[in-house]
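Look over the complex below. Then work through the questions, setting each value against its definition.

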Amino acid sequence: MNYPTDLKYSKSHEWVRMEDGVAVIGISDFAQSELGDVVFINLPEVGDDTTAGEPFGDVESVKAVSDLISPVSGSVCAINEELLDAPEKLNENPYGAWIIKVENVGDQEELLDAEAYEKHCAEEKG
Amino acid sequence: MKLIFEKSVAGRHCDLLPKCDVEYVEVPAAFKRETAPALPELSEVDVARHYTELDHRVHGVNCGFYPLGSCTMKYNPRIDEDMAALPGFTGVHPLAPADTVKGCREVLDTAAKYLCEITGMDGMTFQPAAGAHGEFTGVLLIKQYHDKRGDKKRTKIIVPDSAHGTNPATAAMCGFEVVNIPSAPNGCVDLEALKSVLGDDTAGLMLTNPNTVGIFDENILEITRLVHEAGGLCYYDGANLNAVMGVVRPGDMGFDCIHMNLHKTFATPHGGGGPGACAVGCKEFLREFLPASVLMQGKGRLQVRAFAGNFLVVVRALTYLLTLGREGVPEAAQNAVLNANYLMQRIKGTFEPAFDRICMHEFVLDLSEFKKETGVSALDVAKSLIDYGMHPPTMYFPMIVHEALMLEPTETESKETLDWAADVFRKLYELGKTDPQYMHDAPHHAQIGRPDEVRAARQPILRWQKA
Amino acid sequence: MSYVPSTAEQRQEMLRTVGVQDYRGLYRDVPQQMLLDRPLDIPEGMSEFEVTRAMTAMAAKNVVFPTVLRGAGSYDHYIPAVVKSIPAKEEFLTAYTPYQAEMSQGVLQSIFEYQTMICELTGMEVSNASVYDGATAAAEAAAMCRDRKRRVTLISGAANPDVINTVRTYCYGTGDELKVVPAKDGRTDPDALRELLGDGVSAFIVQQPNFYGQLEDVEALGKLAHEAGAMYVMSCNPISLGILKTPRECGADVAVGEGQPLGMPMGFGGPYLGFMATTEKHMRKLPGRIVGETVDSKGERAYVLSLQAREQHIRREKASSNICSNEALCALTAGVYLATMGPGGLAEAAKQSMAKAHYLCSGLTAIEGVELVYKGDFFHEFVTTMPRRNEVLAELERAGILGGLPVEEGLLWCATEKVGKAELDRAIGIVKEVLAK
């Protein structure tokens, strides 16, 4: 399992990378592995607001659906449309396949660094 | 095998209608269809053989053992089919004058009377077409009750986390906020968890008893009392009624309304997914809220579909009830419970039950240890059963048990069948230890190998298209 | 009789294996004061022969009319013999939902074929595997069209009252608003529709042909809905789709309807069949089961229940519908019916129904005192005034004819391909006689 150290993570398994004040958000390697083969993703529209701790979309595997929880409040400035046609990229390259970008970032959830997140995953896995 | 469209031959057809003996009328151009639908063009023998070929690729409960937990796959008696096919029932228009449909009314009234007696309810409707539809109907009774009293703050429905997925989905369809409460380790309601969420915003509780792991909740009277004290109502999901009919009544457990799946408990066939039929019963104080068709009974009530429900399914259920009668109803329940316990005992020692105690009409095997040991999952076992001509049990439900297989043999299986089934499970337990790969690859002798569900979902092909 | 095969000795042996003395031991978790301490107050069980007699006696208390001139949501079309025999086959009849694809290819393929046929009838790209009936199909369509911003549903006042009330009930459930667009001269009033449409409206539902049998100007109504940003839902009679423009051609986003005319008996109202189809764009909003094509582990074509993440057993309270059991066997029936009739047979049933309704209409309205109420084009239903309505209906009933349905304006008549000219003439003659008295 891969936990890049240049990213921050939420307890609900999203990763965040800040790029010039814009939050780039995706799901972690752990998340994609727990979900299994992702078959579909529901994305918000550019211009929609996100609230820290609230869902902004969801991902479907064959037998499960999981909310995507926004780690930050702000407004969506880009969505990765490529994922609509090729959701499998979330499995193949979870840290390359960003999902949304959020600008005007306000509130943030409590975010973990790679080490703390790895520990969190280990606990969850039991 | 070929699709029916791939067997079509242009110009072929069946001639079934008489010649038109009045003058045709031209369809006005603005409404006229220019291209005919590409339906298959076949002779009657083509149709008969195609569907017979398909029929050979179907496993029904009347073909063999079908221990699908929470679905009550009992034998579907043929006499029920004969009665539902009587022209005196099939040929009746739902809006025919009242004095010409007395027989249909008698069917509905008689079935309602018997089911009220079996459940301890006072009123009954057959309008809903299936279990989930009945849940919707029942929870709407609760909603109307609070609304009529002007009690607008009751916005929450409590659902245990072991519940069928339809329960929370139903509560949401009725505009309620769903409060999930964790179950105690034995799958029963955690009284402390229940108390902590009850309040003056509680509209009601939805509960299955016996619950979804096949255990009768011994605190049931306390549970319904607590909900009532908080001002909420209690809804009984009758999916598991087969364990207790004629033995103990939901009305006596303190429930205010209930749904029954006639296609489970009362032996009407599932038809490959439907039609079911559902009876929703309620206590006297909720009767005024039961649904009714505007066309049949005039304005003033809500309704959940057109007309009076899946009437011909009710005919089957009544035929079944008349056949069983006062001794047969509890006898069916008792033997459903006996069969489940017997099968559990016979399998025990290999695959282990999640709860090692007397169960009701179904029980759950927990294969998580077995999987750790052998790598063989509940899914692998399920798929291996197919090679023996046994329909797999319900898999991965309820979600509170990992690697769950849920078995409900029903009362209509003989001891010989149960012994055979137990032997098959035992064989697979051994096989898992010696040749797990064989089980990962199962089934080996089925109509198809395991289908690629990921591909089906990622690149949906949902209809046939001409090449 | 309870269909329990085990003998008394076997039951005792099984009880011993379980480790209890008797049945009471099996119910030891049940608070003992709750156990029913008396026999159920229902009759003793009966033999198969006695049950047959009892049920047959009930059926005999109904009147089965040889001639049916009433529709209003339930239609008396001819049902070919093969359409009755195939769904009665033991395997199709007694299978559960095809969750285990490896033993259910027959059911799955039949549904895949059904979905294709519904797409062909409606011009749509995706169909589900059925919902309960036409009324719930309309209600489910209303739900699938809603989003966070658009919550209000509009429905034509010329739709079937049972459909309107069902949609109203579902809206009451979720707390959303339903507004009924008034009808004018028996058809949806476009001016009223224009007025009611607005930013908050998610969908407009129209019925074609409508409750009064009238053909609505569906293309114009659809344009109005779309101009206001609402989705357009058409509820259609499937037989009429043999000769009428498809909902897709008329601009609909969702096509629904009551599938009963496709080979199901009137059966006092059920089981019937709700069909639902939509465009690819809205595929994932469609409720209920959907069968998809894929390949198996050997690379062979195979069918599975697909897109399940939309459904209640996965999405729970976030699912847009709670539907689980549907009307699969009715969908199979409709599939067999459509395969048997073929495109030609379906069109013929539609044309004959239309022709016979028009013949009946001419005959009735030639009688003094009987007027056609709504003058627009119609398919196989129409409304006439009817003086001494009850007398007329009673006299028809005596002759084995179920006359038109009493509605506010008079009688709502219907004819299908099953009624011949002689029967129609007889009905017209009886009305004439009664009114001449």
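Q: What are the domain bounds of chain B, and where do they come from?
A: Domain bounds come from an automatic or database domain assignment. For chain B of this predicted model, the assignment gives domain 1 (4-55), domain 2 (78-322) and domain 3 (328-453). The centres of domain 1 of chain B and domain 3 of chain B, taken over C-alpha atoms, are 46 Å apart.

Q: How do you know how confident the predictor is in chain C?
A: Look at pLDDT, which runs from 0 to 100. Chain C averages 96. In chain C, 100% of the residues score at least 70. For the complex, the predictor gives an ipTM of 0.97 and a pTM of 0.96.

Q: What makes up the contact of α4(B) with α12(B), by class?
A: From α4(B), the residues include C104(B), V107(B), L108(B) and T110(B). From α12(B), they include F311(B), V314(B), V315(B) and A317(B). The contact has 13 nonpolar, one polar and no charged residues.

Q: How many residues of chain B and chain C are in contact?
A: Residues count as in contact if their C-beta atoms lie within 7 Å. The contact takes 167 residues from chain B and 164 residues from chain C. On the chain B side, the largest share comes from α12(B), with 21 residues. That side divides into 96 nonpolar, 43 polar and 28 charged.

Q: How many residues does the contact of chain B with chain A take?
A: It takes four residues from chain B and six residues from chain A. The chain B side has two nonpolar, no polar and two charged.

Q: What makes up the contact between the two domains of chain C?
A: The assignment gives domain 1 (67-78 + 342-436) and domain 2 (81-336). Their C-alpha centres lie 28 Å apart. The contact takes 23 residues from domain 1 of chain C and 19 residues from domain 2 of chain C. On the domain 1 side, α12 (328-365) and β13 (381-384) of chain C each give two or more residues. The largest share, six residues, comes from α12(C). By class, that side has 13 nonpolar, six polar and four charged residues.

Technical notes:
Residues are numbered from 1 along each chain as its sequence is written. Chains are lettered from A and ligands numbered from 1 in the order in which they are written. This is a predicted model: local features need pLDDT of at least 70, side-chain atom pairs count only at pLDDT 80 or more; totals for chains, interfaces and linings use all residues. Ala, Val, Leu, Ile, Met, Phe, Trp, Tyr, Cys and Pro count as nonpolar, Asp, Glu, Lys and Arg as charged, and the others, Gly among them, as polar. Helices (H or I, at least four residues) and strands (E, at least two) are DSSP runs, numbered from the N terminus.
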